[in-house]
Amino acid sequence: MIISHEHRFIYIRCRKTASTSIELALSRVCGPDDVITPIQDAGHEALRRSIGGRGPQHYSNPDGTARFYGHMPAAEVRLLVGEEIWTNYFTWCVERNPWDKVISRYYARHRDRATRPPLLTFLESGSAHYVVNFRLYTVGSRVVTDHIARFEHLGLELDRIGDRLGLPRDALELPRANSEHRTDRRHHSALYSAIERDFVAELFAPEIALLGYRFTDGLEPGPAGGS
């Protein structure tokens, strides 16, 4: 999570939306007073340094406990920064088609094919709840960020955000932070049974209703996730 006083924006990190890569890229344009939260993986912090990004700063309380943290809900951030900053800064996040997001989480969580459970077992275990991002950018089911960028059009979205913030053109060129562990590269719709498809639809119903996601996004002609 990043709060940039230098460029007057707040980036809320949503899970399985290239959030690590985005944070690493943004840290290259952060100023000395900006809030940058740590990334747990030491390799990612090493990558941050190698690309010229600022490391974690101004995220902790005087006693060393975390004040700001990675996947921090907008409601908590707004409470800490105050209404004036929250209202006057550009607040944004990235969201992803839930059926695609769950498949990404499934393969990341179970990398060994020999021990990988059936998808339905994974869903019933509660593991997919980890990538429910709705509460990160809403308060009482109301969106509180200025913009929710679509993962499906991430390059275009980041270009527009960079222009809005007046960032250098290459500021949001993303480093490759996480390897893709998914071995079956077919469209996500081919990987679900009807029961599994409906399970995800129910679990992510608020995100689907808000952003218009469809099970067939990316398979049929037209923009993903509706207009």
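This is a conversation about how features of a predicted model get their names.

Colleague: What should I know about the model before we start?
Modeller: The model is predicted, so local features need pLDDT of at least 70, side-chain atom pairs count only at pLDDT 80 or more, and totals for chains, interfaces and linings use all residues. Residues are numbered from 1 along each chain as its sequence is written, and side-chain values use heavy atoms, with hydrogens and water left out.

Colleague: Why is Thr91 called buried?
Modeller: Buried means under 20% relative accessible area, exposed means over 50%, and partly exposed is in between (1.4 Å probe, protein chains only). Thr91 has a relative accessible area of 1%, so Thr91 is buried. Thr91 is in strand S4. Strands (E, at least two residues) and helices (H or I, at least four) are DSSP runs, numbered from the N terminus.

Colleague: What does Thr91 touch?
Modeller: Leaving out residues up to four places away in sequence, Thr91 touches Ile10, Trp86, Val144, Thr145, Asp146 and His147. Contact means heavy atoms within 4.5 Å.

Colleague: How do you know whether Ser141 is buried or exposed?
Modeller: Ser141 has 59% relative accessibility, so Ser141 counts as exposed. Ser141 is in the loop between strand S5 (138-139) and strand S6 (142-143).

Colleague: What makes Glu23 and Arg13 a salt bridge?
Modeller: A salt bridge is a side-chain nitrogen of Lys or Arg within 4 Å of a carboxyl oxygen of Asp or Glu. The side chains of Glu23 and Arg13 meet at 3.7 Å, N to O. Glu23 lies in helix H1 and Arg13 in the loop between S2 and H1, so the pair ties together parts ten residues apart in sequence. Glu23 is buried at 0%. Arg13 is buried at 5%.

Colleague: Which side chains can pair in general?
Modeller: Side chains of opposite charge can pair when their charged atoms come close.

Colleague: What makes Tyr11 and Trp92 a tilted pair?
Modeller: Rings of Phe, Tyr and Trp (its six-membered ring) pair if their centres lie within 6.5 Å; planes under 30 degrees apart count as stacked, over 60 as edge-to-face and the rest as tilted. The structure holds six aromatic pairs. For Tyr11 and Trp92 the distance is 4.7 Å centre to centre, with 40° between the planes. The pair links Tyr11 in strand S2 (residues 9-11) to Trp92 in strand S4 (residues 90-95), 81 residues apart.

Colleague: Why is the pair of Tyr106 and Tyr107 called edge-to-face?
Modeller: The ring centres of Tyr106 and Tyr107 are 5.2 Å apart and the planes stand at 70°, so the pair is edge-to-face. Tyr106 and Tyr107 are both buried.
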